[in-house]
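Welcome! Please take a moment with the sequence and the model below, and then we can walk through them together.

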Amino acid sequence: MLDLLVVMLERVGLIIAVAFILTRVPFFKDMVHHVKLSRKQEFIAILFFGFFGIAGTYFGVAFNTNTFHFNSVEMELAKEEAIANSRVIGVVVAGLLGGYRLGIGAGLIAGIHRMTLGGFTAVSCGLSTIVAGILAGVVYRKRKDLTPLTVFGIGALAEAMQMSVILLLSKPFDKAFALVEVIGIPMILANGVGTALFLLIVHNVMHEQEKVTALQAQKTLRIANQTLGYLRKGMSNDTAQAVCTILYRELEPSAVAITNKTHILAHIGIASDHHQINSPIRTEKTKEVIQRGELIVVNDGTIHCDYADCPLGAAVIAPLVQRGETVGTLKLYYPSEKVITDVTMELIDGLSSLLSNQLEIAETDHAYQLAKEAEIKALQAQINPHFLFNSMNIIVSLIRTDPDQARKLLNSLSYFLRQNVTGTTVSKISLKQELSHVRAYLEIIEARFIDRLTILYDVDDRLLAEQIPPFTLQPLVENAIHHGIRDMEHGCIIKISIQSVDQEIEIRIEDNGKGISPERIAMIGSDKVDSETGTGMGIYNINRRLMMTFGDQAALSITSERNEGTTLSFRIPKMEVRDRCEQSGH
């Protein structure tokens, strides 16, 4: 009995080796993770485990109940022979991982095959094999935790049931009893251990693969997080050098390099003495990757560097792609091709895609900035005719009544327009310059209002060097005059306030005019609002430029009371705050 147990465990060892092969098969991975299989996958799995059970039969030994001798399993058994085997391992594993259909299907294939071999236990062994599949399916249905001890118990129970079926169905009973007496315990123990080992090995191998994958994903995310801030600036010597340094530290190859189509942008590691920044690409394989746009592995000694004593060995060269065009390469060098595993290649392939995507984002960001600047320029250009139209109306009205004053105002307007030309060529000017524009404009306005208008200034002179988009305050003041106080006969007040509030600058334009209805306040600044006295573009444009320049938090705020006046205000960050944010990448 002990000798048979040793033999059975040896034969089980051969079957266990199959477990390692199975971990590479896609449908088997789905089974381990209890993912629903397609019909085709189920069919393949049933065939596989069915033939696995057949293999377990042939790996067994034939036992002669007359001579009590063990022989190799032949294609046909004598009437007095039975087989000590590991057939139930394949069937039980199929049921545990795939459920009833797989367990019964594999059991039918292995069981019917057993019946064809003959022997006095042919029917009982064939039936018990099918029952083993059903038993495993019951466990799968209940989704019990498959600990090694549990699996051992299921495998042992399946074999014990086979022994019971042999005693019940096989004739003559005395031969059946003699058979079970000799092979029962060894087969129960061997098949229990074999089933437990099979699944234990499978789960451990799969767990290690998942662990490696998780670690690679974690490393990739860490690299992505570190490189994003650099590549969003585009591909240059500085950004390539920073990325290569990160990859060299994280992946520990012999060297890392990034090139564009013609030159080396950065090279970290060995051979940096001749693979220098801004030198032409030295290897033919790199040029091949740029032409083909496909990742390649360069074997030892085939890098073909034009430097005679180049120490670089094997390498993985991956393309960097923008808009479908290869714009450069990512190269990782290793001492030998033997250390370049499939996992390494997948990681580098993923990194090249990641870096390519980051370059795409950089290009998109750059295009967005250009579009944003173009829109700001367009909005600024819209304000000039808007202001000119209103100013000329005022001067025209004065030409008939006070030509000297009109001439003076024309000089003021000429000065103001010259400043406007300068304003359209820059994105920001100082608050001091902007206030000068407003004062020049108000000189024109005061001439029309005569003694009806009072201008109040509450300005912190320490803030006058701060920057603001040009043509921001004048349209707000113009709005207060034309839509707030224009129809008032006396006591018109405009107040301009520029004060510091924590890390921000608050700018307020107040009037004591007729006010604005709540419904109209909700619309002003968020859309172009038509009115009887204007185009509705002024406040809309200012609000757009403020948000595009400083963010949504700089949007205009409007408060108003009917016949009490209106206040338009906004806050912008101080320059020192903006500089800190830009340096930190926010």
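Helices (H or I, at least four residues) and strands (E, at least two) are DSSP runs, numbered from the N terminus. By that count, the chain has 17 helices and 15 strands. This is a predicted model, in which local features need pLDDT of at least 70, side-chain atom pairs count only at pLDDT 80 or more, and totals for chains, interfaces and linings use all residues. Residues are numbered from 1 along each chain as its sequence is written, and side-chain values use heavy atoms, with hydrogens and water left out.

**The chain as a whole**

Of its 586 residues, 48% count as buried; buried means under 20% relative accessible area, exposed over 50%, and partly exposed in between (1.4 Å probe, protein chains only).

**An enclosed strand**

Let us start with strand 4 (residues 255-259). Here 5 of the 5 residues are buried, so the strand is largely enclosed by the rest of the structure. A255, A257 and T259 lie on one side, with V256 and I258 on the other, and both faces are covered. In a regular strand, side chains alternate between the two faces of the sheet.

Which strands does strand 4 run antiparallel to? The table shows both; two strands pair if DSSP finds at least two bridges between them.

| Partner of strand 4 | Bridges | Direction |
|---|---|---|
| Strand 5 (residues 264-269) | 5 bridges | antiparallel |
| Strand 8 (residues 325-334) | 5 bridges | antiparallel |

On the strand 5 side, I258 has A266 as its bridge partner, and a hairpin of 4 residues links the two strands. On the strand 8 side, A257 is partnered by K331.

Elsewhere, 5 strands form an open sheet in the order 10-12-13-15-14, with mixed pairing. Strand 10 (453-459) and strand 14 (557-561) stand at the edges with a single partner strand each, so one side of each has no neighbour in the sheet. Strand 14 runs antiparallel to strand 15 (residues 565-573), joined by 5 bridges. Within this pair, I558 stands opposite L568.

**A nonpolar patch**

On the surface, M115, V123, L127, L168 and L169 form a nonpolar patch. Helix 6 (122-142) and helix 7 (148-169) each supply at least two residues of the patch. M115 belongs to helix 5 (residues 100-117) and, at 32% relative accessibility, counts as partly exposed.

Terms used: Patches are made of residues with over 30% relative accessible area and no salt bridge: like charges are joined within 9 Å, nonpolar side chains (Val, Leu, Ile, Met, Phe, Trp, Tyr) within 5 Å. Accessible areas come from the Shrake-Rupley method with a 1.4 Å probe; for residues, only the protein chains shown count as cover. A salt bridge is a side-chain nitrogen of Lys or Arg within 4 Å of a carboxyl oxygen of Asp or Glu.
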